[in-house]
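Here are some friendly notes to read alongside the model. Please keep the viewer open as you go through the points.

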Amino acid sequence: NQMARHLTNKYNLPDTLVKAVEYDTHRLSGTISVTTLIDGARIRQLKSIHDYESDVSENIYALLGTALHHVLERANIQSVTKRAYITVAEHIIGQASKIKEASPEKSQKLLSGGNWIFSLIPVFFPETTERYIFEKTMQLPVGEQVISGTFDLYDKTTGILYDYKFCSVYQFMSPESREKWVEQTNIYAYMLRNESFPVNGIRIVAFFRDWSAYGGMKNRNYPPMQIMEIHIDLWDNDKTRILIYKHMNLHNSAEAGNVPDCDGKTRWATADQYAVIPKTKGVKRAINGGIFDTMEGANRFIAENKHKHTNELYVEVRPGSSKRCESYCPVSKHCPQYKAELQRIEILEKG
């Protein structure tokens, strides 16, 4: 049971943007989505028991990503009539979302009606499914839970699954983000195979919102162009099934009251560092080779190298951070794990 998301508008952005962010056409037809499944179980558990805020400004990139998906989908649908069906269905689903709290029964009826119209599109316009399947929402029962997942495009001729990402360059370069892409798309592939569609490959089409032509001059791993097709390793059913049950067990454990901590990957965490610095006025940089993962390593370095330096050496503790908890998790203020992390950092900084 999800608590309410309260949309704020701290920067007084135009009402049209507020309405656009409120208008959510994402269709969850199970008990847990693929993206929620592979995310932290603690985050889902906290959202189920706490109301939380989300500002319009924090949702603009998600809104632009949704717009991109719609434009790409429309490019494959030429008929004005077909477009009208999709527009009507999306409008009904949007209205259902708006009245969900005030009138849940009426909201559910509207949601069912909108999804029913979506289901009619391949019936009335079978040519749209001759080669491509767009944004198909699939279900996969796992124990008492039902996983829901909506992929972007599947090519029945080649057996290739495509997923569009409107993302930052950082997400492309981050191993943790790329790993999430691999997990998400392979679960979609597993669900497609479960519905008797062969999957011969997975491609992510990434649109980098903050790409710069000069970025590659600073980092050789920088994407060479603003739009890239990225080949994703295709897993077999056994490997994907193990992943699904691993994540589902964590979520079930959280629902039973045994809430697992978010790991460093989920928190976008960086490790503590211990920097060896000379006691010289105005100097804050570590000496060459003087940054360590442990206090023991830093102290050992000082013991072995202090004779080489005229100034006394000391260790500066540089606590790691959890970037997602700090700036991007809507329920971090309710999180006991994050509160404990802040207390740990405070103790470290006090020495």
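How many bridges join strand 11 to strand 13, and in which direction do the two strands run? The first point below takes this up.

A word on the basis: this is a predicted model, in which local features need pLDDT of at least 70, side-chain atom pairs count only at pLDDT 80 or more, and totals for chains, interfaces and linings use all residues. Residues are numbered from 1 along each chain as its sequence is written, and side-chain values use heavy atoms, with hydrogens and water left out.

1. Strand 11 and its partners. Strand 11 (residues 273-278) is joined to strand 13 by 6 bridges, and the two run antiparallel. Helices (H or I, at least four residues) and strands (E, at least two) are DSSP runs, numbered from the N terminus, and two strands pair if DSSP finds at least two bridges between them. Towards strand 13, Tyr274 stands opposite Val317. Strand 11 also has 2 bridges to strand 12, again antiparallel, and here Ala275 faces Ile291.

2. The sheet around strand 11. These strands make an open sheet of 3 strands in the order 12-11-13, with antiparallel pairing. Strand 12 (291-292) and strand 13 (313-318) are the edge strands, each pairing on one side only. Strand 11 is mostly covered, with 5 of its 6 residues buried; buried means under 20% relative accessible area, exposed over 50%, and partly exposed in between (1.4 Å probe, protein chains only). Helix 11 (residues 295-305) lies across strand 11, strand 12 and strand 13, and runs at about 165° to strand 13. For such angles, axes are lines fitted to C-alpha atoms, for helices over the stretch in contact, and angles run from 0 to 180 degrees between N-to-C directions.

3. Another open sheet has 3 strands in the order 2-6-5, and its pairing is mixed. Strand 2 (32-33) and strand 5 (137-142) stand at the edges with a single partner strand each, so one side of each has no neighbour in the sheet. Strand 2 is joined to strand 6 (residues 145-150) by 2 bridges, and these two run parallel. Ser33 has Ser148 of strand 6 as its bridge partner. Helix 8 (residues 175-194) packs on the sheet, touching strand 5 and strand 6, and its direction makes about 85° with that of strand 5.

4. A helix pair worth a look. Helix 3 (residues 41-49) packs against helix 9 (residues 237-255) at an angle of about 35°, with the axes 9 Å apart. Ala41, Arg44 and Gln45 of helix 3 make the contact with Leu250, His251, Ala254 and Glu255 of helix 9, where contact means heavy atoms within 4.5 Å.

5. Cysteines. The structure holds 0 disulfides, a disulfide being a pair of cysteine sulfur atoms within 2.5 Å. Cys335 is buried at 8% relative accessibility, and Cys167 is buried too, with a relative accessible area of 2%.

6. Ser168. This residue is found in the loop between strand 8 (160-167) and helix 7 (169-173). Ser168 counts as buried at 9% relative accessibility. Leaving aside neighbours within four places in sequence, Ser168 is in contact with Phe208, Arg209 and Asp210.

7. Positive phi values. Most residues other than glycine have a negative phi. Ser196, however, has a positive phi near 70°; Ser196 is found in the loop between helix 8 and strand 9 (201-208) and is exposed, at 65% relative accessibility. Trp268 likewise has a positive phi, near 55°. Trp268 lies in the loop between helix 10 (264-267) and strand 11 and is partly exposed, with a relative accessible area of 37%.
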